[in-house]
Amino acid sequence: MNKFYITTPIYYPSNKLTLGNCYTTVVCDGLARFNRMLNKDVFYLTGTDEHGQKIQKKAQAEGKSEMAYLNEIVADTKELWKMLDISYDKFIRTTDDYHVAAVQKMFKLLYDKGQIYKSTYKGLYCTPCESFWTEEQLVDGKCPDCGRAVEPMEEEAYFFRLSEYQDKIKNLLQNTDFLRPKTRVNEMINNFINPGLKDLCVSRTSVKWGVPVDFDPKHTIYVWIDALPNYLTALGYLQEDNAKFKKFWPADVHVVGKEIVRFHSIIWPAILMALDLPLPKQIYGHGWLLFGNDKLSKSKETGKKEVIDPRILVGRYGLDAVRLFLTKEIMFGQDGPYNQELFLNAYNTNLANEYGNLVSRTCGMAQKYLGGVLNPAGDLQAADKTLMSEILNRRKFVLDQVEDINPSGAINTIFEMFSLCNKYIDETAPWAEFKAGNTQRINTILTTLSEAILISNTLLLPFLTDKPKTIYANWGLKTPTLLNEYSAFGFIKPNTQVTKGENLYNRLDIAKEIEELNKIANE
Ligand code: MSP
């Protein structure tokens, strides 16, 4: 079936989201939009992971009920997604009634199948924090949250038979493309699978803010078995209306940050196997946006102060600047640095120079040399033919890269296409042809160039959703909705009127901007 189901992790609403959290959502949005433009039936899911002690404590600290606290952060998150033009099809909250009911049913189903059983959880307990910790989580032997002493403690709990899936999961990771990039596979096998998978504790009696086990309500369902199934419940799994589940499951890709690859590539497939459900086609574990050596985590302090609030960056530099940086400058699958200078340089180099200037220069030349009228290209010279074949080859490569879930590869190739267009202007020198009075030749150059720009631009639409959609009007053309439009040369009709349009991106004075941003960061 021609469908594409893509998901982001569901975010903890323990604070306002930062640029780091926007990373997955922006990148997935580009992939979702691209697949829609391929005429696929796309379902793009995001949402929030709202249970757990941390949330309960945050709400208490602010003197609010859990729901009042959560509603505010969720409203803020949705506002942020609107600002970043995120085209999600559904926003799931793990406190939604349908999710809670379906998770309870799923838990019971696993219990009835013997995949979940009751036993005793042994751990190190911090009484003031009411939290269990493992030996590895302790900091200097103390509670990592409050720094106080912990003591060994036991509580009754339910366990999932994760240990039974050891061989199946190893085989899945080793012999298929289930987990990508491949570099993450060895890490999972060496660090978690080879030492031996242990059964997983999936309930707590000490955590109150969670989904109750309906047949044993002093227990709440613990973290991952509540969060991971969001990918199923959002589609209607174990609910009356499960048409979407039938249509979209299994997911084509769950895109997640590298620190949660373990949950998605080991625990999640095991749960699905236990439920006899098909597995997602792929888990993609991307890297982090790094600030210094740190991930832009919401809970960590980040040393030197810089503006990392996406709201401020979008407000000052526009939507395209933020989407460009996140999609293009960080190689998908690897960590990548962020700082203000890199961000501003990416804006100037790519948006203002390579792309914006190319569009305005091309339209400007059509006005200056041809009175703003373009006609179909005439006899082609070697330079024209080379540009045409290079653009079409790269177009195909972009499609392959998106198919391969490589958004940074795709957008970098699109910018290479603009760079080829700029090179073509230098090589064909329309100003020299103008001096020599070769109007026919100028027309062929500017028509070929215009078509090359628009073919490339059509691929850019899913990634940069603000300015690129406006440029078709410069040629009196309609903005495409599908990728098979403007996909080959030869679409410029006789007597096409060209206008210059507005300036797309103003070049920034980087030193001045950094000064301004530093002021904002330290306010
Ligand atoms: N609630 C869990 C996910 C459950 S999914 C069933 C969670 N939430 S989170 O809010 O802590 O993180 C959500 C995502 O944001 C993770 O994939 C994480 O990698 C990502 N990021 C947080 N900071 C990031 C960067 N600095 N860079 C890239 N991604 C970052 O984990």
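Which residues of helix α6 are buried? Before I answer, some housekeeping: this is a predicted model, where local features need pLDDT of at least 70, side-chain atom pairs count only at pLDDT 80 or more, and totals for chains, interfaces and linings use all residues. Residues are numbered from 1 along each chain as its sequence is written, and side-chain values use heavy atoms, leaving out hydrogens and water.

Okay, α6 runs over residues 183-193, and its buried residues are Arg-184, Val-185, Met-188, Ile-189 and Ile-193. They sit on the same side of α6 because they cover an arc of only 135° around the axis, taking directions from the helix axis to the C-beta atoms. Buried is under 20% relative accessible area, exposed is over 50%, and partly exposed is in between, with a 1.4 Å probe and protein chains only. Helices (H or I, at least four residues) and strands (E, at least two) are DSSP runs, numbered from the N terminus.

Now, charges over rings: NZ of Lys or CZ of Arg has to be within 6 Å of the ring centre and within 35 degrees of the ring normal. Arg-262 lies over the face of Phe-263, 5.1 Å from the ring centre. Lys-328 does likewise with Phe-415, at 5.6 Å.
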